[in-house]
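Hello,

Here is the structure I promised to pass on to you. Have a look at it first, and then read on for my notes below.

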Amino acid sequence: MPSLEITTMIGCPLKCTYCPQDTLKTAYRSSTASTGGTAPSGRGAQRTFLSLEDFRTVLSKVPENVRIDFAGMAEPWANPDATQMLESALRAGRAIAIYTTLFGIPREECEQILTLLHDHLEQLEILCLHLPDDNNSMRGWKHSTDYESNLERFLEFGRRELSNLWIRESTTSTSPRFQVMTMDGSGRVHRQLAHMNVSAPPWRGNTRAGTLAAPPEQTPSLFSTPTHHAAVSCSWTPFYDRNVLLPNGDVVLCCMDYALKHVIGNLLTGDYESLFRSEEMTRLRVINAQPTFSKCSLCKSCSDAQVYKLERTSWFPVSHPGFEIVGLASDGWLAPDAEIRVYASQARRLRLVLRVPEWLPATYPFEIRFVLGQDAIESHLIPAPGRYEIDCPLVETGTIRIEGGQWFRPSELPGGSTDDRYLCLRLDEQHVAS
Ligand code: SF4
Ligand code: SF4
């Protein structure tokens, strides 16, 4: 689905730990500096906020089949003109999506927004509420009675008007039209909102194709950054047309591009088609078609890339297994914090062939559990050293912790080993079975 995400301002005040805001601010400053301090529009490059006038200019240039997403690289309502932009898009008959924290929405404007959405419900493809979580990942959020009142009204609207409705966004992705999310592995909302009876599914994020450089202890809910030594395209769209607009009119490749690595044009100075004829877009397409890794393309480090395998003279799309085992060493040992991250639910089971060696001084029996959220979804008793086949269902997305075991450091056992890791379970084989 083609879309244009609107970044209404630079420097999102919510400062989520999972969002590379500092990278964006630095890149934006230097990209405008490189144009001699003058925006391509000639109207002042250092604009932090997208003006209503520029938004309307852009809107008039974007084809009707391109959805206008109030999302981008900042909370849309951090710009006080956001409601007027929304109104312009809806009155122009545009399909829209909204991803908002509700930050910056004055209490008296809330009703106006919800009335607009109600009156143009068919145009509203997705309403996603991004709530603060209990781990304070959304560092800039502050509780207020206005916020809580707005949240109540948006929740009531979403549940009433949009629940149980879905939108097909690509051949592989169907999304609910009303979504509530946090940026946290538990999905628990901030404790100051706990009384509101709202919950979100467990969340796992990506590193924005390696752009996010926050310390791992601040960002435990991340998938690792892939390195594709293969040809790739975008799994969301075959035409690279899910782009992001910045306040100065520049357009970047997609929502991974917080470093502004792939600026493909400017919608204040150029037309929409010029984005796809641009030098940068041509260069990216050429690199992505090469069956090798390159740091010059974000897609080669992106978890949303579609990977292709070249067999003699034919390309074959590589289907993704839909899960990964994290905390697995190259020699097969699982770390005590090993986990299975399932990001596409499937009616299949993962069979792990695990070995518990005789030389570990464990006390038997002990139990190995697969735990999703708070629930043990599978458990197995280990009665003695040996080789065991344990199945883990992959029916729900989320992170499955592998709990149990008794962990020992070989370096602390008699025998003179230098292996300093905590060991208990070795993975001999893994198979996926229906
Ligand atoms: S994730 Fe969204 S709300 Fe959080 S800092 Fe980034 S743009 Fe702002
Ligand atoms: S970086 Fe990822 S999301 Fe962006 S266009 Fe490339 S594959 Fe798609």
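Leu260 counts as buried, with 20 C-beta neighbours inside 10 Å; a residue is buried if 20 or more other C-beta atoms lie within 10 Å of its own, exposed if 12 or fewer, and partly exposed in between, with C-beta atoms placed from the backbone. Its phi is near 55°, a positive value in a residue other than glycine. Leu260 is found in the loop between β10 (250-252) and β11 (263-266). Here strands (E, at least two residues) and helices (H or I, at least four) are DSSP runs, numbered from the N terminus.

Please keep in mind that this is a predicted model, where local features need pLDDT of at least 70 and side-chain atom pairs count only at pLDDT 80 or more, while totals for chains, interfaces and linings use all residues. Residues are numbered from 1 along each chain as its sequence is written, and chains are lettered from A and ligands numbered from 1 in the order in which they are written.

Tyr240 also has a positive phi, of about 55°, although it is not a glycine. You will find Tyr240 in the loop between β8 (231-234) and β9 (242-245), and it is buried, with 21 other C-beta atoms within 10 Å. Most residues other than glycine have a negative phi, and most peptide bonds are trans. The bond from Tyr364 to Pro365 is cis, with omega near -5°; Pro365 is in the loop between β16 and β17 (366-372).

Now to the ligands. Tyr240 is among the residues around ligand 2, together with Cys234, Trp236, Cys254, Cys299 and Cys302, to name some of them; a residue is near a molecule if its C-beta atom, placed from the backbone, lies within 6 Å of it. That shell has 11 nonpolar residues, no polar ones and 1 charged. In this count Ala, Val, Leu, Ile, Met, Phe, Trp, Tyr, Cys and Pro are nonpolar, Asp, Glu, Lys and Arg charged, and the others, Gly among them, polar. The surroundings of ligand 1 include Cys12, Cys16, Cys19, Met73 and His130, and its shell divides into 6 nonpolar, 3 polar and 2 charged residues.

Next, a run of parallel strands. Strand β2 (residues 67-70) pairs with β3 in the parallel sense over 3 bridges, where strands pair if DSSP finds at least two bridges between them. Phe70 has Ile98 in β3 as its bridge partner. Strand β3 (residues 96-100) is mostly covered, with 4 of its 5 residues buried. On to strand β4 (residues 124-130): 5 bridges join it to β3, and the two run parallel. The chain crosses from β3 through helix α4 (residues 107-119) to β4 in a right-handed β-α-β crossover, meaning that, with the strands pointing away from the viewer, the path from the first strand over the helix to the second runs clockwise.

Which residues of α4 are buried? They are Cys110, Ile113 and Leu117. They lie on the same side of α4, because they cover an arc of only 70° around the axis, taken from the directions from the helix axis to the C-beta atoms. The face turned away from that buried side carries exposed residues, including Glu108, Glu111 and His118.

Finally, 3 strands form an open, antiparallel sheet in the order β19-β16-β21. Its edge strands are β19 (386-393) and β21 (426-433), each pairing on one side only. Strand β16 (residues 349-356) pairs with β19 over 8 bridges, and Arg355 has Arg387 in β19 as its bridge partner.

Best wishes
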